[in-house]
Amino acid sequence: MDNIQILWVDDEIDLLKPHIIFLEEKGYKVDTINNGSEALEMVEEKHYDLVFLDENMPGLSGLETLQRVKTLQSGLPVVMITKSEEESIMDDAIGSQISDYLIKPVNPKQILLTIKKNLDTKRLVSQKTTSNYQQEFRQIGMDLAQVNDTEGWSDLYKRLVYWELELDKLEDESLNEILLTQKKEANSQFFKFIERNYEDWLHGDEDAPVMSHTLFQKWVYPRIRQDENVFWVVIDNLRHDQWKIIQPILEEYYITEEEKSFYSILPTATQYARNALFSGLMPLEIQKRFKDKWIGDTDEEGKNQYEEDFLRDQLQRLGLGDMKFSYNKITNHGQGKKLAENIANLSGNQLNVVVYNFVDMLSHAKTDMKVIRELADNDKAYRSLTLSWFQNSPLLEMIRALRDKNLKVIITTDHGTINVGDPTKLVGPKDLSTNLRYKVGRNMSYQNKDVYEVKNPEDIYLPKPNINSAFVFAKENLFFAYPNNFNHYVKYYRNTYQHGGVSLEEMIVPFVVMSPR
């Protein structure tokens, strides 16, 4: 407070002496001037933290002074003070980016509150956030020891993400380190929960969550049956924290009607989770029903070529075979622009599916491109890149167009991703799958404590390439590394975004229904 400098500009400044004395007694340094022209000279010559500016002054008016102050220092907070309550004056002042607006006569406490709101907010918010998180840290720790159902884990993960985003706003790395430690412990406990329960979920356990292969039937299908025209947008690889970053932008156009989570199947990889999403079947069931359309991990052919066929088959099984629908996959900016321009032609369909691949490409680029590695060095930066993309994407343009057509939007994903940190050694033959978070094959040797091991893949409805094939899924933020050329391999892949394994980030993913404003 000792260094806060305030400039007060008013043609009747002498009448405000009691206010000036009050602020000086509170520790603020206040310069005064009675006209706009000299105020501009003072702003040029000296640093000020805040300006109080009278709207009605002879000579250079308050609004003219405001505009010139902003030209000199665009970030300098200006509080307009006026006798008038005319809406046009308020609009002009707000349009010129004032920080606050007070109507005369003002009292000292109003002035003090305005100063705190504009200059001390960051410190006060930081203190409150720190205090609140310290309390919540203890509560999360206690809940972590007790949570034992799918809804409880979804809620706990969302609370961790909430605090991660809140702490992003502060400059306290120590709190972030504490949160990361808590997230690591949560993932450790979540892994044990999955190990105990995952197979049972797939065999009729009444406590099973909505998962990739049941999502459409349980949450999307009912909305179509209500004769709603649905746009179902699947943003590949979208984590809950990334959703929360883009949500405020969407809420300029849409109201969040419903927000919940579902569980991605294992492996949390596009080939498995997204095919399950559209087919309404587990991978082993897909392989049996579509013998020529299930592509194995080591096959050269593309893994997601038949999503539209799988969706059409699911619609027929649900009695919607005659329904008019479209399937649109976007893998580059040009395709996105073309789809946004074509929205009017799709709006008559009962169901339109849009698969948007950018976030998945971003995660792969983080591995392959040095510039993306530097831009997305951690989760905070990764979220920032996601936000920057979305703000300038054809996807946002498309969603704005849907709002204009008064159409609901469902936004979801197929699986999440995790920033991997530590390697776990694995040895196996050359024909093993290449994914770093799960492996499928024969004769594998690995650290049992680091993996969820499924010796018979059919127990969790996964195809097995060979009679002796098994699956292993990495836990927490581990990634598989071969002993050969180990150090080079680890250096290249550490701090990259991978998916396929068992973690909160990969498995618990958003499902959101939005209605037009």
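Is Met 57 buried or exposed? Select Met 57 and check: its relative accessibility is 7%, so Met 57 counts as buried (buried means under 20% relative accessible area, exposed over 50%, partly exposed in between, with a 1.4 Å probe and protein chains only).

Before going on, note that this is a predicted model, where local features need pLDDT of at least 70, side-chain atom pairs count only at pLDDT 80 or more, and totals for chains, interfaces and linings use all residues. Residues are numbered from 1 along each chain as its sequence is written, and side-chain values use heavy atoms, leaving out hydrogens and water.

**Stop 1: around Met 57.** Met 57 sits in the loop between β3 (50–54) and α3 (62–72); helices (H or I, at least four residues) and strands (E, at least two) are DSSP runs, numbered from the N terminus. Show its contacts (heavy atoms within 4.5 Å): beyond neighbours within four places in sequence, they include Val 9, Asp 10, Asn 34 and Thr 65.

**Stop 2: Gln 5.** Next, pick Gln 5 in strand β1 (residues 5–9). Gln 5 is buried too, at 15% relative accessible area. Setting aside residues up to four places away in sequence, Gln 5 touches Lys 29, Asp 31, Lys 46, His 47, Tyr 48, Asp 49 and Leu 50.

**Stop 3: a helix pair.** Now select α10 (270–279) and α12 (307–317), which pack at about 35 degrees with axes 7 Å apart. Axes are lines fitted to C-alpha atoms, for helices over the stretch in contact, and angles run from 0 to 180 degrees between N-to-C directions. Show side chains: Leu 277 and Phe 278 are among the α10 residues here, and Phe 310 and Leu 311 among those of α12.

Stop 4: Move on to the open sheet of three strands, ordered β14-β12-β17 with mixed pairing (two strands pair if DSSP finds at least two bridges between them). At the edges are β14 (445–446) and β17 (478–481), each pairing on one side only. Strand β12 (422–427) runs antiparallel to β14 over two bridges, and Val 427 has Ser 445 as its bridge partner in β14.

**Zoom out.** Show the whole chain: 20 helices and 19 strands, with a C-alpha trace spanning about 90 × 50 × 40 Å along its principal axes. Of its 517 residues, 55% count as buried.
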